[in-house]
Amino acid sequence: PADGYSKPYQIAIWLGSLLISILGLFLLRKILLHYFTDANVGWTLLALALGSHWFEYASISNGMNHTWLFTLLCGLILFTIRFYKSTNWSSAAGIGLCLGLGVLTRPTEITWVFIPLLWGIPTIRDRFDFLLLHWKKCLLAVFITGFIISIQMIYWKYASGEWIVYSYGEQGFNWLNPRIWRGLMGVNVGWWLYTPVMLLAMFGWHLLYKNHKSLFWPTFITSILAIYITLSWAHWESGGGLGQRNLIQIYPLLAFPLISMISWFNRTRTGSLIWLIILLANIYYTGWWMHQAHKGGFFKAGQMTTPYFYSVVGKLHPDPDLQKLLDTDEYFSGVPKNVKMVYQNDFDSDSLLPCTVILADSTKAACLNASTQALGPLTIPIDRECNEWLRFEAHFNVQSREWDVWKYAQWIVQFYAGEQVIKTNLIRVHRFTPVDYIDTHVYFDVRIPESGYDKCTMSIWNAESTNTLLVDHLKVSCFQD
């Protein structure tokens with residue numbers, strides 16, 4: 001079908017993006033060889049291609065624009081180098097073409113303009129005199145850039161009657177409150193947390209300034225602006241992704257501080273060994289996250305929490321039960337001691353339930369569906385002997401899979417002081433019921449507050465899902481660790 005989604009379109013998008021991404025590596029090699037040795041250039045390309053999330057967005061999730069922009073930026077840098085060496089018309093046109101396509105793709109890439117303006121700059125006065133001397137070629141670059149950008153505006157005018165159409169609704173930038181630390185080290189899409197090789201690159205800025213000062217300013221200024229703009233966007237976490245994918249396009253610039261660090265390591269045999277260990281660790285780490293994102297299932301885009309992240313990261317065979325840490329920060333991994341049953345309900349004699357189902361063995365189970373959204377709240381009797389942990393257990397049977405994670409049924413435990421809720425714990429049941437129509441035993445543990453509560457309740461909420469979930473053999477016990 002000629003709908004843009006059938007298999008030939010999918011293959012063409014994937015293959016085209018892969019080839020464009022690889023082209024970017026070839027162009028980056030040409031750029032770096034102007035300033036660094038072939039061996040260190042090779043190490044740098046290997047680190048970017050296999051040790052960073054460039055790998056993910058070049059080979060699998062490559063229908064996005066990040067590695068295309070990576071290649072365009074490589075083209076812009078290469079044309080800029082050639083322009084300042086030969087000042088020919090074709091290089092000026094290439095600068096305009098790459099800059100125009102970059103801004104057309106993402107308007108925030110207008111910061112790329114610092115590359116042709118500042119590349120290899122001796123002094124501001126010398127650069128001004130140079131550009132003034134070659135003003136006609138500069139004007140050509142500006143014209144081509146403007147012409148390409150105008151294509152979008154002309155289309156907007158044709159389609160809507162307006163020259164500028166803002167398609168992001170109420171989304172925008174928080175220029176005075178960028179979420180820097182969360183964007184760099186947050187467990188959802190933290191740049192350095194998912195791509196630590198780029199943290200290493202940060203230590204190379206000093207070396208780049210020391211050894212290639214004329215390259216430092218255009219790469220550093222453009223990179224800092226790109227990071228600031230990315231983290232100022234108010235909704236940069238909403239799209240998920242393996243780290244800050246919106247920074248992949250500036251990796252040709254970050255390759256300069258990175259190769260500066262690699263060159264520093266490779267001065268000695270010991271340093272070379274340390275670099276090799278760092279590289280292999282980053283390759284494993286990147287591959288692990290890619291596997292978890294597509295096969296392993298332990299990467300949960302937009303849902304990652306700090307306890308969960310550090311419990312599973314890097315492990316060859318993480319325990320699926322650790323997914324409880326996506327919803328609660330309390331997790332008991334030992335063997336319960338002094339177990340005491342405090343509540344149980346098979347729902348066979350409960351005549352007040354709004355929804356029940358007769359099972360094959362003639363017993364009853366409670367049910368949640370479109371019309372019955374909640375079971376409970378049920379009051380759980382806790383005496384003084386229960387002072388450490390509560391374990392909630394039940395059998396769940398999914399009648400129809402709920403695919404929206406935010407509509408997964410929630411198993412909620414709350415502690416009250418009078419009418420005020422002082423503590424809430426929950427897990428999402430559907431994370432642990434992978435097969436429909438199969439009874440699945442699920443449990444989760446809650447630490448009892450030391451004091452200050454007078455009531456504990458438990459409820460199961462269907463979270464506005466219209467799909468059916470059966471609940472049976474509910475038990476609550478207290479125990480000690």
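Biologist: Which residue stands opposite Gln 410 in strand 9?

Modeller: Trp 461 does. Strands here are DSSP runs (E, at least two residues), just as helices are H or I runs of at least four, and both are numbered from the N terminus. Before we go on, this is a predicted model, where local features need pLDDT of at least 70 and side-chain atom pairs count only at pLDDT 80 or more, while totals for chains, interfaces and linings use all residues. Residues are numbered from 1 along each chain as its sequence is written, and side-chain values use heavy atoms, with hydrogens and water left out.

Biologist: What makes strand 6 and strand 9 a pair?

Modeller: Two strands pair if DSSP finds at least two bridges between them. Strand 6 (residues 410-417) and strand 9 (residues 455-461) have seven bridges, in the antiparallel sense, so they meet the rule of at least two. Tyr 416 takes part too, with Lys 455 of strand 9 as its bridge partner.

Biologist: And how do you know that strand 6 also pairs with strand 7?

Modeller: By the bridge count again: eight bridges join them, antiparallel. Phe 415 stands opposite Lys 423 of strand 7. The two strands form a hairpin with two residues between them, and Gly 418 there takes a positive phi near 70°.

Biologist: Why are strand 4 and strand 7 said to stand at the edges of the sheet?

Modeller: The open sheet has four strands in the order 4-9-6-7, with antiparallel pairing. Strand 4 (374-379) and strand 7 (420-428) each have a single partner strand, so one side of each is left without a neighbour in the sheet. Neighbouring strands are turned by 15° against each other on average, direction ignored; the angle is taken between lines fitted to C-alpha atoms (for helices, over the stretch in contact), and N-to-C angles run from 0 to 180 degrees.

Biologist: Why is Asn 40 called buried?

Modeller: Buried means under 20% relative accessible area, with exposed over 50% and partly exposed in between (1.4 Å probe, protein chains only). Asn 40 has 11%, so it falls under the 20% cut-off. Asn 40 sits in helix 2 (residues 38-51).

Biologist: What makes its link to Ser 263 a polar contact?

Modeller: The side chains of Asn 40 and Ser 263 come to 3.2 Å, and the rule asks for a pair of N or O atoms within 3.5 Å; within protein, one must be able to donate a hydrogen and the other to accept it, and residues adjacent in sequence count only if both atoms are side-chain atoms. With neighbours within four places in sequence left aside, Asn 40 is in contact (heavy atoms within 4.5 Å) with Ile 259, Ile 262, Ser 263 and Asn 266.

Biologist: Asp 321 lies in a loop, so how do you know that Asp 321 is buried?

Modeller: Its relative accessible area is 14%, which counts as buried. That loop runs between helix 16 (306-312) and strand 1 (337-345). Leaving aside neighbours within four places in sequence, Asp 321 is in contact with Tyr 331, Phe 432 and Tyr 443.

Biologist: What makes strand 3 largely enclosed?

Modeller: Five of the five residues of strand 3 (residues 364-368) are buried, so the rest of the structure largely encloses it. Both faces are covered: Lys 364, Ala 366 and Leu 368 lie on one side, with Ala 365 and Cys 367 on the other. Three bridges join strand 3 to strand 2 (residues 356-358), running antiparallel, and Ile 358 stands opposite Lys 364. Three bridges also join strand 3 to strand 10 (residues 469-480), again antiparallel, where Ala 366 stands opposite Val 471.

Biologist: Which helices each supply at least two residues to the lining of the largest pocket?

Modeller: Helix 5 (89-105), helix 8 (135-160) and helix 13 (213-232) do. Helix 8 gives the largest share, four residues. The lining has 39 residues, with Thr 105, Arg 106, Pro 107, Thr 108 and Tyr 168 nearest the centre. On a 1 Å grid over the protein atoms alone, a pocket is an open set of points where a 1.4 Å probe fits, with protein on both sides within 12 Å along at least five of seven lines, and lining residues have an atom within 4 Å of a point.
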